[in-house]
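Hi,

Here is the structure I promised to pass on. Have a look at it first, and my notes follow below.

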Amino acid sequence: MAVETEKQRWQRNFADLLQELRVAQTGVQILFAFLLTLPFSNGFPRATEFQKDTYIVALLAAAAATALIISPVAFHRALFRQGRKPELVRFAHGMATGGLAFMLIAMVSSVLLITDFVLPRPVAFVLSGVTGIWFLTFWAVLPFLRRNWGEADEDDDEEPATARPDAVD
């Protein structure tokens, strides 16, 4: 088995992170585009003040998520060929995490906006809360609970991986 150098590990971490960001970027950009067009639809003037406030929260959260999720590309351009891949990976990891947090806010507030428009408000709150819990379960709780997957599968003759505060795998 070939041993991965530290430089190769940072390269792989960055490539993996970019693949993850491509998935998130598509989702947040579609949501953002939908939200940008919503005020121009025929039914928007009938929206209540609460719905308009919820719309603003969703729109701004989607804009923030878009900015954070795309920012690693701009950062990469600024650091291109400077040998600062570890710094880039750490930055991109933080921006991806922040982007997902804003994406969660955008998704839940979008669900609240639409369910409040078509259902009684208490039902909209319940469905939005369930949506938030659903996202948090798959984006935070399960990954946290499963962060040590595969460790039991390691060969006994290999040295155990040490936890490093800057590890991004």
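Let me begin with Thr54, which is buried, its relative accessible area being 7% (buried means under 20%, exposed over 50%, and partly exposed in between, with a 1.4 Å probe and protein chains only). Thr54 sits in helix H2, residues 49–79 (helices are DSSP runs of H or I with at least four residues, numbered from the N terminus). Beyond its neighbours within four places in sequence, Thr54 is in contact with Ser109, Leu112 and Leu113, where contact means heavy atoms within 4.5 Å.

A word on the basis: this is a predicted model, in which local features need pLDDT of at least 70 and side-chain atom pairs count only at pLDDT 80 or more, while totals for chains, interfaces and linings use all residues. Residues are numbered from 1 along each chain as its sequence is written, and side-chain values use heavy atoms, without hydrogens and water.

Leu17 belongs to helix H1, residues 6–37, and is buried at a relative accessible area of 6%. Leaving aside neighbours within four places in sequence, Leu17 is in contact with Val89, Ala92, His93 and Ala96. For Leu17 and His93, 76 residues apart along the chain, the C-alpha atoms are separated by 7.4 Å.

On the surface there is a nonpolar patch formed by Leu100, Trp134, Phe138, Trp139, Val141, Leu142, Phe144 and Leu145. Its largest share, seven residues, comes from helix H4, residues 121–145. Val141, in helix H4, is partly exposed, with a relative accessible area of 41%.

Best wishes

Technical notes. Helices (H or I, at least four residues) and strands (E, at least two) are DSSP runs, numbered from the N terminus. Patches are made of residues with over 30% relative accessible area and no salt bridge: like charges are joined within 9 Å, nonpolar side chains (Val, Leu, Ile, Met, Phe, Trp, Tyr) within 5 Å. Accessible areas come from the Shrake-Rupley method with a 1.4 Å probe; for residues, only the protein chains shown count as cover. A salt bridge is a side-chain nitrogen of Lys or Arg within 4 Å of a carboxyl oxygen of Asp or Glu.
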